[in-house]
Structure formats: structure tokens, C-alpha cells
Amino acid sequence: MSALQSVQHIKDNYQTFTRRDEVFSFLKPDVHPAIDTRHNVLLYVEGVNKSFDGFQAINDLNLYIREGELRCIIGPNGAGKTTMMDIITGKTKPDTGEVWLGSNINLLKMNEAQIANAGIGRKFQKPTVIECLTVWQNLELSMSGVRSVWGTFTAQMSGEQRDKLESVLELIHLKDEATNSAGNLSHGQKQWLEIGMLLMQNPKLLLVDEPVAGMTHQEMDRTSELLNSLAGKHSVVVVEHDMDFVRSIASHVTVLHQGHVLAEGTMDQVQSHPEVKQVYLGE
């Protein structure tokens, strides 16, 4: 390359970098095919095994989540609930088995960012909102779609995007808190905000870890309303220990024990299951 060509190459790269309407290639999300849910199943976890230094955390796990379903996962400490979610979201790779989103997207061939872009959102037990920003700004920064660095600070939202944000604010009971700092919210309100931040990304599947831990009874009731309102439009998997809360939201419950599905059914069915009584309820 001649000196003149080198100068032109640098000039072109600089112009590309400083364009406000341009999204850099490393910021562009992968484009994935539409999720095939013709069998009404959104998530397939089949024959999954995972060991850590000889400890079998997941043991021949088979789990199927239907499209639009609200499912609760319960089980004692060490049952494999967190490892299961780590595998689904790409944080951990299993030793054997298959994990599919719909019948056409192999999650085991994707990294965490690709899985998130494909339509899986995860809320951890501890809220991770940006406390120095307002509730509105947290939701705006979480909005799905290709956005440049400059665009984050300078672009105007479309009417459709603003409507989306306002509808999420209403849904998560934070409309009156929109201009308040996220750091001033109660613990329960921060949990709702983080769920709202996931909803701004239009996920097909939400994984929610112990959403009511540390909440007041009033906040728990509102969280129950929120999660029930999401079912149908999204598939929601809730990992929770509070049995009263589980009963208030779940029509279908899965019990994990030693990394394996011990029982499935309604709350009444799993609570009356002899092995569940023994290993989980202590009876």
C-alpha cells in the first residue's frame, strides 16, 4: 500500500468512526432466524449433564417450556437451578446434552451475547439497575435495536419507541417514578425496573431468579400481578423458594433434585408427591 493509499485508508476509517448515523461492526448484533415454535415448545433442554470437579450438578436433565407459559422451578439448595440457568444463557457449557430455542436455534453453538440477542433475558436475584440514572433512562438504554455510541446520547426516540417505554413503565408500576433516580427506589421497585429493562429487549423467554426475596407483602402481590401479566406474550421461568408466592403465580411447577427433574405438575400435585415431601418439604 502506497503512502497516499495509507493516508486515504486512515481518513476513511476516521470518517466512519465519527459518523453519528453509523453503527460500528463490533456493536452490530448477530441476526438470527425466526424461532420455530410450531410444536408450541419454546425451550428444549434434553439429556443435559454437567459436572464440576467430580460433583454432578446436572444429571440427565430434561425440561420443556411451552410458548407463553409461566413455569416455576423449585428445589432445595444444590438442586441445580442456577447451573440450569447458566447453561440456558450460555454462561456454562454442559458436558453432554442439547439445548434449543424453538426447534431451530441451537443455543450450545452460541455465546452469551448471541443468546441474549436471540430472545432470552435473565434477571438475577440481586437487581443490577444503574442507580445514578433515572428510571426512564435505565429503560431507554435497555431498548432493543441497533444503536451507535453517539446515538445513545443524541438520538431522539421514535413515537413507537416512546409508546413502548411508557407501556413498560405502566406495566412495572413505575410510571410515577419515571424521572426519579433508580438508586432511590425500594428493593422491590428495583426488581420491577430490572424486569422492565428486560422487557425493553423484547425477549421471547425470561429467566427470573428469586424475584420476591426481601420484598414486602404488598410488593410480592404486585410482582405476582406483573409476572402473570407477562404470560402469553412471553414465556417466563421463575426460580423461587417462597411457596406461597409460587402458588400465586404457577399453574405448572417443576421440582429439581440433584440436577434432575424429580416431579412436575400443579402446586397441589408436587406438594403431595411423596419424594418431594421427603427431599424438599422435609416431611
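Asn180 touches Leu133, Thr134 and Val135, residues up to four places away in sequence not being counted; contact here means heavy atoms within 4.5 Å. The structure is a predicted model, in which local features need pLDDT of at least 70 and side-chain atom pairs count only at pLDDT 80 or more, whereas totals for chains, interfaces and linings use all residues. Residues are numbered from 1 along each chain as its sequence is written, and side-chain values use heavy atoms, with hydrogens and water left out.

Asn180 is placed in the loop between helix 6 (159–171) and helix 7 (187–199). Helices (H or I, at least four residues) and strands (E, at least two) are DSSP runs, numbered from the N terminus. With a relative accessible area of 31%, Asn180 is partly exposed; buried means under 20% relative accessible area, exposed over 50%, and partly exposed in between (1.4 Å probe, protein chains only). Cys132 lies 48 residues from Asn180 in sequence, and the C-alpha atoms of the two are 9.8 Å apart in space.

The protein holds eleven helices and ten strands. Of its 283 residues, 46% are buried. Among contacts between residues at least 6 apart in sequence, 67% join residues at least 24 apart. A separation of 85 residues along the chain lies between Ala118 and Pro203, whose C-alpha atoms are 8.0 Å apart. Ala118 belongs to helix 3 (residues 112–118) and is buried, at 12% relative accessibility.

Four strands form an open sheet in the order 2-1-4-5, with antiparallel pairing. Strand 2 and strand 5 (105–106) stand at the edges with a single partner strand each, so one side of each has no neighbour in the sheet. Two strands count as paired if DSSP finds at least two bridges between them. Five bridges join strand 1 to strand 4 (residues 96–101) in the antiparallel sense. Leu43 has Leu101 in strand 4 as its bridge partner.

A pair of aromatic rings is described by the distance of the centres and the angle of the planes. Rings of Phe, Tyr and Trp (its six-membered ring) pair if their centres lie within 6.5 Å; planes under 30 degrees apart count as stacked, over 60 as edge-to-face and the rest as tilted. This rule gives one aromatic pair. The pair is formed by Tyr44 and Tyr64 and is edge-to-face, at 6.0 Å centre to centre and 90 degrees between the planes. Tyr44 in strand 1 (residues 41–52) and Tyr64 in strand 2 (residues 55–66) are 20 residues apart, and the pair links distant parts of the chain. Tyr44 is buried at a relative accessible area of 14%, whereas Tyr64, at 35%, is partly exposed.

One cavity of 30 Å³ or more is present. A cavity is a set of points, on a 1 Å grid over the protein atoms alone, where a 1.4 Å probe fits but cannot get out; lining residues have an atom within 4 Å of a point. Grid points are joined across faces, edges and corners, and a volume is the space filled by probe spheres set on the points. At least two lining residues come from each of strand 1, strand 2 and helix 2 (81–88), and helix 2 supplies the largest share, three residues.

Notes:
1 Å grid on protein atoms, 1.4 Å probe; cavity = no way out; pocket = protein on both sides within 12 Å on 5 of 7 lines; lining within 4 Å.
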